[in-house]
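Trainee: Could you take me closely through one part of this model, the sheet and what packs on it?

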Amino acid sequence: MKEVILDCFGEACPVPLVKAEKAISTLEIGDVLIVQIDHSCAMKNVPEWARAQGYNVEIEEVNDGEWEVFIEKNK
Amino acid sequence: MSVKPFDNLKNNKYYKMWFKDAFPYITGAVLLSVFQIFTLASTGNPWGVSGPLANWGAWIYEAFGGSVDKWYYFSSEGARATLENGFLNDGGSIRNIGIIAGALLATLMASQFKIKKIKNKKQVAAAILGGLLMGYGARIGFGCNIGALYSGIASFSLSGWVYAAFLFIGAYFGSRLLVKFFM
């Protein structure tokens, strides 16, 4: 059960999505990936992809135009 | 320094629906269609974005003492008249300013404005190269994804569909390059 932070601040779509896909494949079941983004379109496609994979997803707006997407690799 | 009225506004259902959360794709599509019909009906021309940007380039070039009189692209009577009439009389230019101002207003209303950092030199190179290719392609293809694709398809023009097919091919190779150089 570890938490991994993926810093995608300043990265435009679709870089955060591809990085998140790559990062989650290295994690084990039960681990949580926290994707930090500041590109509003990544705020849509990263959670959409994660939910389609069946992962638990939570989004937190940490600052103006900055979000953290919590993805739990639950399967 | 907590300001009470804004704290309440943040959680207001209608504020969230109208300003904070992104509109569903369907809502966006319907709004875009309505506005582009309005554009066609009121100006007689389909909606375009990158055409006026070429005029901006010409005006900037002229402001620095250059001349585009002999350029084939600006040689038509219509293009010449647009350049001579100036920025404020070019509806497309005003509409583009509207897009920029509207986008800024939307981020400010959602309280999501942020000046993003440039992470590395690769981003700069990719942005410049991408911008040049898109600008060049849009002019040589007589339109961008708005003028040639969106307005093309809306005008029942086959060229819009051809554009769409090649857009997917371009996007495929573009994403391969992206993964290769940015991951």
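Mentor: Helices (H or I, at least four residues) and strands (E, at least two) are taken here as DSSP runs, numbered from the N terminus. On that basis chain A holds two helices and four strands, and from the N terminus on its elements follow the order β-α-β-α-β-β. This is a predicted model, in which local features need pLDDT of at least 70 and side-chain atom pairs count only at pLDDT 80 or more, whereas totals for chains, interfaces and linings use all residues. Residues are numbered from 1 along each chain as its sequence is written, while chains are lettered from A and ligands numbered from 1 in the order in which they are written.

Turning to the sheet itself, the four strands of chain A form an open sheet in the order 1-2-4-3, with mixed pairing, where two strands pair if DSSP finds at least two bridges between them. Strand 1 and strand 3 (56-63) of chain A stand at the edges with a single partner strand each, so one side of each is left without a neighbour in the sheet. Neighbouring strands are turned against each other by 20 degrees on average, direction ignored; the axes behind such angles are lines fitted to C-alpha atoms, for helices over the stretch in contact, and angles run from 0 to 180 degrees between N-to-C directions.

Within the sheet, strand 2 (residues 32-37) and strand 4 (residues 66-72) of chain A run antiparallel and are joined by six bridges, and Val32(A) has Glu72(A) in strand 4 as its bridge partner. Helix 1 of chain A packs on the sheet, touching strand 1, strand 2 and strand 4, and its direction makes about 155 degrees with that of strand 1; contact here requires that the C-beta atoms of two residues, placed from the backbone, lie within 7 Å. Helix 2 (residues 42-52) of chain A lies across strand 1, strand 2, strand 3 and strand 4, running at about 160 degrees to strand 3.

Leaving aside neighbours within four places in sequence, Ile5(A) is in contact with Ile34(A) and Gln36(A), and its C-alpha is 6.1 Å from that of Val35(A), although Ile5(A) and Val35(A) are 30 residues apart in sequence. Ile5(A) counts as exposed because it has 12 C-beta neighbours inside 10 Å, given that a residue is buried if 20 or more other C-beta atoms, placed from the backbone, lie within 10 Å of its own, exposed if 12 or fewer, and partly exposed in between.
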